[in-house]
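Okay, thanks for coming, everyone. I'll walk you through one structure today, and I'd like you to keep it open while I talk.

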Amino acid sequence: VNAASPFKRVLIRAALQLSAGLMLAACSQPAPPVHFFAEGRPQHLSEWQVLFRDHGRLVTNDRVVPYDLNSPLFSDYAHKFRTVWMPEGKAAVYAGNESFDFPVGTIITKTFFYPHAAGGAAAVARTYDQSRDFAGAGLDLANIRLIETRILVRREQGWEALPYVWNADQTDAELARTGDEVPLELVAAGEPSEPFTYVVPNENQCAGCHVTDLKTKRIAPIGLKARHLNRDYAYPSGIQNQLAYLQKIGYLKDLPPFADVPRNADWRNTHETLDARARAYLDVNCAHCHNPTGPANTTGLSFEPQTAADRHLGVCKPPVAAGRGTGDHNFDIVPGRPQESILPFRMDSRESGVMMPEQGRGTVHREGLALIRDWIAAMPGQCGV
Amino acid sequence: MRQLAVWILCLSAIACGRHETPSQPAGLSAEDAAFQKRLQEQFLDAKPGTVIDIAPGKHALDRVLTLRADGVTIRGAGADKTILSYKNQISGPEGILVYGSDFTIEDLSIEDSKGDGLKINDGENITIRRIRVAWTGGPQTTNGAYGIYPVKSRNILIEDSSSWGASDAGIYVGQSVNVVVRRCHAEQNVAGIEIENTVNADVYENTATGNTGGILVFNMPNLSQAGHSTRVFKNKVHGNNVGNFAAKGAAVASVPAGAGVVVNSNSKVEIFDNDIADNKTVNVIISAYYSTNYYNKPGIDPNYDPYPRAIFVYDNRFSGGGDSPDGLDLKTLKVAMFGLNGRLPDILWDGYRDEKNLVNGQPPGQERICVKNGNAVVLNADGPHKYKNPTTDMAAYQCELPKLPPVELPSRT
C-alpha cells in the first residue's frame, strides 16, 4: 500500500468502513475525517464531521462509535443516538465510579429524535419501540424527526458543551447557544395526544447537569461511566459488551476484570430487582445534581448508587428548600406510602418550580414514575416519631 | 374576591393547567425574545470584570438566566425601572441562578419567577443591593419559594432590597458564613427574612411586616453545617399576621401566623434594640425542632441539635401582639392563662430543653435563654408535656450572655 496516495487511503478507509458496516454509504461519497475544533464554536453540526446525512440516513464517520446506556436519562420520551470519537492513538482511562478520563480531542455527541407519528406538524410518537429508527447502522430519516444534537468536546482546558438544533429540512443542525423551544405533540395509539414544549438547553443549562461538582465547576460527561456502559451493543461486527469493544478498538485502557466492573440495571427490565431498577433510574436522572458535591447538595438528598438507603436517600427526610414542591407532604420518601411521598409528587408534575428534575423535561415520565411508586410501596419501615 | 383569586390562578396557568392545558411556548413578543437571546448571550459570555447592564423597561423572559462566571456585576437602571418578568416562564425554575464568586447584582426587579427569584449557590463575596423580588399576585402558595436566596456561600451583603410574596422566605440565607442583611423590606411572604444553618449573621435596620412570621433564625437537620451566632437588631418587626400560605411539609409551614421573631433549634442568637409590635400570636418565639411536627427518628441525623441554646433577648421595644394566636394549642393556652381578652406575653418559649445537659436544673450558663428586657415576660408553654403546666415565672431567664462580635465583611467597592 502506498500510504502517500490520498486516493488509496480513501479507498482503504472506505473498505474498512464497509467491512465494519459503520458507514455503508461511504464508498460512494468518501467522508473527510472528523474535525476536532480545539477552540471556537462551529455554527453547524456538519462542520465537526462526526455525523452526516447520506441517502436519507444520518450516519457516523470513521471511528465514531455508537453506544447505549443501561438506564438512560428521561428526556420527554425522545430517542437518543450517542456516539464517541477520539483522535487516533488516544484512549480514555477507565474509572470505577466517575466518568472515564478522556483524552483531549474527544468528541461525544447525543442526538435527540422522535419516530414520526400521524397528525399535525408537531406530532411525534411516544414509544419505546426503536425497531424503525435505524437503517443499518444509520438513523433512518424517513421514519424519524431529528430535534437536536448536543456535543461535548474535550479541549485542552476541559469539556465544553455545545447544543445544535436541527433545521426543518433535517439537512443540518445549527448552533443554539441560547437554546431553543420546539412545540411538539406526543402521540400514542388509543390515547389523547399530549402537546408540550421541548426545551433545548442553553450552554449554561447544559452545565446545569454536566457540572456535577460545584467546587471544580468542571463540565463532565455523565453517561460515559462504567456502570452505565456495562452492557451489550449490537455492533455490525456482532453483539459485544460495550466496554470490551471500546477496549478492543483502543478507546479504553485499564479496564479491570468484569467481576470488578459495576453495572447499573436496565430500569425497564423486569427480570432485575425493583430496587436495582429504581436506584439505576434515580442515579441517571437525579444524581448529577443530587450528590454530595453537586448543585443539589444544599438539600442533603443524594441519589448516587452508593448512597445508603436511609435519610440520605430521602427516607423519612423532611424537605429543605422544596417550597410548594412538597405537595403538602412531610417527607421525601415515606416507606410503603408513595402517595404521601414528595419524590413521586415532584416527578408527577410538569410545572416549573414543582417538578423534578428541574430541567430537561416538559412531560411526566409515566413509566419512570410508576417504577418509583412501586419501589416506595415495596419499601419496608415507617417514619415513626 | 374568591373568583378573582381563582381567575388569577388560572391565568398563571399553574393550578388549572397541569393536566388539561399544554404548556405551549410562552409566545414572547419578537422584541422580548430578541432581548432575552441577547441577555442570555451576555450571561454565557460573562467573565471576570464583566458588567451586564440591563436597560430600563419591563422585559418578559421565559427561561432562567444562569451565570457561571466569577467577578460579574449585573446592573439595572433601578428596581422600579428595570423589571424582569417571568410570568410566562417555561424553564427554570429560578429567575436568576448564579454559580460564581465576587458577584454583584443591583438596581433591578425580578417578578413572578416559577421558583426562587434570585438563587446564588456556592459563591464568595456576594453583594445584593437595591433589588426587588416580587410575586405580583400577592401571597399565594403557587408563588416561588424564596425571593433572594444565597446558599452555601460566604461573605454576603444584602442591603436596601425587598421581597414580596415568597411562598417560603422572602430573604433567605442558607448554610452560609458571614452575612449582613440590612435596610431591607420583606412583606407578604410566609417568612420575611430567614437565616438558616448559617454562621455569623447580622440582621439589622430591616422592616418585616405583613408576613406570616417576621424574622426567623432556624437550624434544619441533615444539612452541611449547623448555624450559630446571629444578631437581630434595630429592625422593625410589626403586624406579621398573614395566614400561613406555605405548602405543608415546608419548614416554614410550622410557623404560626402572627409571629414576630422566631428562633428554632439555633444557638447564640441575640435579639436586641428592635421594635417588635402587633404580631398576633406572639412577638418572639424561641423553640426546638420538636415543635415543628417534622421530627422523626429515622429521618433526622442523630448528631443534629434540635434545641435553642444561648439565646439573649434584651432592650427591645415591644407593643401589642399576642392577642389572637394561631393554632388551637396556643389559643387554648391564651384563654386559659390570660382570659378571652388577654394576650400572650411578648416571648414564648416552647419549653423543650436538653434534659441530659442540666446543671442544678438549668442549662449550663453559656447555653441558657436570657432575657433582660424591662418588664417583658416569657411564657414557658410546657410543650414537652402537651402544654399542661405553662408558667410565666421569670427566674430562669435572669442572666446575661457574652455579646457576639459584629460580622466583618471584606470591603466592597
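Before the first stop, one definition: helices, of at least four residues, and strands, of at least two, are DSSP runs numbered from the N terminus. And please keep in mind that this is a predicted model.

So, first stop, B:Asp346. Where is it? B:Asp346 sits in the loop of chain B between helix H3 (328-338) and strand S28 (347-349). Is B:Asp346 buried or exposed? Buried counts as under 20% relative accessible area, and B:Asp346 comes in at 11%, so it is buried. Which side chains does B:Asp346 meet in polar contacts? One partner is B:Asn283, at 2.9 Å, and another is B:Arg343, at 2.8 Å. If you leave out the neighbours within four places in sequence, B:Asp346 is also in contact with a set of residues that includes B:Val282, B:Val284, B:Phe318, B:Gly320 and B:Ala376. B:Val377 is on that list too.

That takes us along chain B to B:Val378, which is in strand S30. This valine has a relative accessible area of 1%, so it counts as buried. What does B:Val378 touch, beyond four places in sequence? The contacts are B:Pro345, B:Ile347, B:Trp349, B:Val371, B:Thr391, B:Thr392, B:Met394 and B:Tyr397. Here's a pair to find on your screens: B:Val378 and B:Leu344 are 34 residues apart in sequence, and their C-alpha atoms are 9.1 Å apart in space.

Let's turn to the nonpolar cores. In soluble globular proteins, nonpolar side chains tend to be buried together. Here the largest nonpolar core has 64 residues, and the members that touch the most other members are B:Ile74, B:Ile96, B:Leu118 and B:Val181. Take B:Ile74: outside its sequence neighbourhood of four places, its contacts include B:Phe43, B:Ile52, B:Ile54, B:Leu67, B:Ile96 and B:Phe103. B:Ile74 also touches B:Thr104 and B:Glu106. There's a second, separate core of 52 residues, with A:Val65, A:Trp85, A:Tyr245 and A:Leu246 among its members.

While we're on chain A, have a look at A:His290. This histidine is in the loop between helix H5 (274-286) and helix H6 (342-347). With a relative accessible area of 11%, A:His290 is buried. Setting aside residues up to four places away, A:His290 touches A:Ala296, A:Thr299, A:Leu301, A:Ser302, A:Phe303 and A:Glu304.

Now charges. How many salt bridges are there over all chains? The count is 44. One of them joins B:Arg309 and B:Asp305, with the closest N and O atoms 2.6 Å apart. Another salt bridge pairs B:Arg353 with B:Glu355 at 3.3 Å, N to O, and B:Arg353 is partly exposed at 24%.

Then there's B:Glu400 with B:Lys372, a salt bridge at 2.7 Å. B:Lys372 is in strand S29 (residues 369-372) and B:Glu400 is in the segment after strand S30 (378-380), so this pair ties together parts of chain B that are 28 residues apart in sequence. B:Lys372 is partly exposed, at 45%. Elsewhere, shared partners link B:Arg75, B:Glu106, B:Arg129, B:Glu159, B:Asp160, B:Arg182 and B:Arg183 into one salt-bridge network.

Last stop, the interface. What is in contact here? It's 54 residues of chain A with 62 residues of chain B. The buried area between the two chains is about 4,700 Å², with carbon and sulfur atoms giving 49% of that. On the chain A side, A:Thr178, A:Asn204 and A:Arg324 supply 14% of the area that chain A buries, more than any other three residues.

Across this interface there are 5 salt bridges, including B:Asp70 with A:Lys217 at 3.6 Å. There are also 19 residue pairs in polar contact. Which elements of chain A give two or more residues to this side? They are strand S13 (180-187), strand S14 (194-200) and helix H2 (203-210). The residues on that side divide into 20 nonpolar, 20 polar and 14 charged.

Methods: Residues numbered from 1 in each chain as written. Chains lettered and ligands numbered in written order. Predicted model: local features only at pLDDT ≥ 70, side-chain atom pairs only at ≥ 80, totals over all residues. Heavy atoms only, no water. Core = buried A, V, L, I, M, F, W, Y, C linked by side-chain atoms within 4.5 Å. Buried < 20%, exposed > 50% of the residue type's maximum accessible area, 1.4 Å probe, protein only. Contact = heavy atoms within 4.5 Å. Salt bridge = Lys/Arg side-chain N within 4 Å of Asp/Glu carboxyl O. Buried area = accessible area lost by both parts, 1.4 Å probe. Polar contact = N/O pair within 3.5 Å; in protein donor to acceptor, adjacent residues only side chain to side chain. Nonpolar A, V, L, I, M, F, W, Y, C, P; charged D, E, K, R; others polar.
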